[in-house]
Amino acid sequence: LNGEFHIRLSSDNSYEMHLIEIPHENRKIEISVSDSKPLKFYILFELHQEFELYISWEDLVGKIMKKFGSKDVLVGSEEFDKHYLIKSNKPHAVKDLITREIQNAFLKYNIYSLSFQAVPKTNNAELIAVIQRTPGNKEMILELINAFKLLADHLKQERIVR
């Protein structure tokens with residue numbers, strides 16, 4: 001995938017973080033994991049239009065919030081909509097972004113959360129996904145890389161990013 005692998009140590013050398021950078025078009029997908037932090041995917045984008053998206057496990061608090069009128073964006077998949085709470089300032093765009101393939105990756109690997117939000121005082125936005133505590137195997141990482149490439153492509157097609 002023409003990526004790079006780096007090992008970074010904490011300032012006191014007590015733990016290490018593994019970082020993989022995979023190029024995709026004019027950006028890179030950063031994948032990190034350490035002894036103290038879960039597997040995380042990160043992509044920095046140049047914004048084309050305002051857009052925010054938050055996806056997280058629908059836990060007890062989320063279910064209570066929905067009972068009291070909090071609006072949840074639905075993508076049309078019963079299994080995905082039951083498992084995840086979705087918030088966005090542009091709910092109509094979410095269905096096009098979170099395709100069946102991306103939904104399947106979320107469900108298969110039990111992705112904990114995803115956020116897409118603007119970086120204050122810049123024209124950039126960050127996509128951050130927390131996957132899980134254990135990094136999994138090569139097949140899992142490759143499937144997640146493909147899902148995040150697809151999501152990045154859809155963000156560009158919808159003219160949310162440049």
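Select residues 113-118 and then residues 124-130: these are strands E7 and E8, which pair in the antiparallel sense over six bridges. Two strands count as paired if DSSP finds at least two bridges between them. Strands (E, at least two residues) and helices (H or I, at least four) are DSSP runs, numbered from the N terminus. Within this pair, Ser113 stands opposite Val130 in E8.

The model is predicted: local features need pLDDT of at least 70, side-chain atom pairs count only at pLDDT 80 or more, and totals for chains, interfaces and linings use all residues. Residues are numbered from 1 along each chain as its sequence is written, and side-chain values use heavy atoms, with hydrogens and water left out.

**The sheet**

Now show the strands together. Strands of a sheet pair through backbone hydrogen bonds, either parallel or antiparallel. Here eight strands make an open sheet in the order E1-E2-E3-E4-E8-E7-E5-E6, with antiparallel pairing. Go to the edges, where E1 (4-9) and E6 (84-88) stand; each has a single partner strand, so one side of each is left without a neighbour in the sheet. On average, neighbouring strands of this sheet are turned by 20 degrees against each other, direction ignored.

Next select residues 138-157, helix H5, which packs on the sheet and touches E2 (16-24), E3 (27-34), E4 (40-46), E7 and E8. Contact here means heavy atoms within 4.5 Å. The direction of H5 makes about 20 degrees with that of E4. For such angles, axes are lines fitted to C-alpha atoms, for helices over the stretch in contact, and the angles run from 0 to 180 degrees between N-to-C directions.

**Two hairpins**

Move to E1 and E2, which pair in the antiparallel sense over six bridges. Find His6, which stands opposite Leu19 in E2. E1 and E2 form a hairpin with six residues between them, and Asn13 in the turn has a positive phi of about 60 degrees.

Go on to E2 and E3, an antiparallel pair with eight bridges. Pro23 stands opposite Lys28 in E3. This hairpin has two residues between its strands, and Glu25 in the turn has a positive phi of about 55 degrees.

**Aromatic rings**

Show the side chains of Phe, Tyr and Trp. Their rings (for Trp, the six-membered ring) pair if their centres lie within 6.5 Å; planes under 30 degrees apart count as stacked, over 60 as edge-to-face and the rest as tilted. A search of the whole structure finds seven aromatic pairs. Select Phe80 and Phe106: the ring centres are 5.8 Å apart and the planes stand at 70 degrees, so the pair is edge-to-face. Phe80 is in helix H2 (residues 78-83) and Phe106 in helix H4 (residues 100-108), 26 residues apart.

Are Phe80 and Phe106 buried or exposed? Both are buried, that is, under 20% relative accessible area; exposed means over 50% and partly exposed in between (1.4 Å probe, protein chains only).

Tyr84 lies in strand E6 and Phe106 in helix H4, so the pair ties together parts that are 22 residues apart in sequence. Tyr84 counts as buried because its relative accessibility is 0%.

For another group, select Phe45, Phe51 and Phe116, which ring pairs link into a cluster.

**Last stop**

Finish at Pro91, in helix H3 (residues 91-97). Pro91 counts as partly exposed, at 41% relative accessibility.
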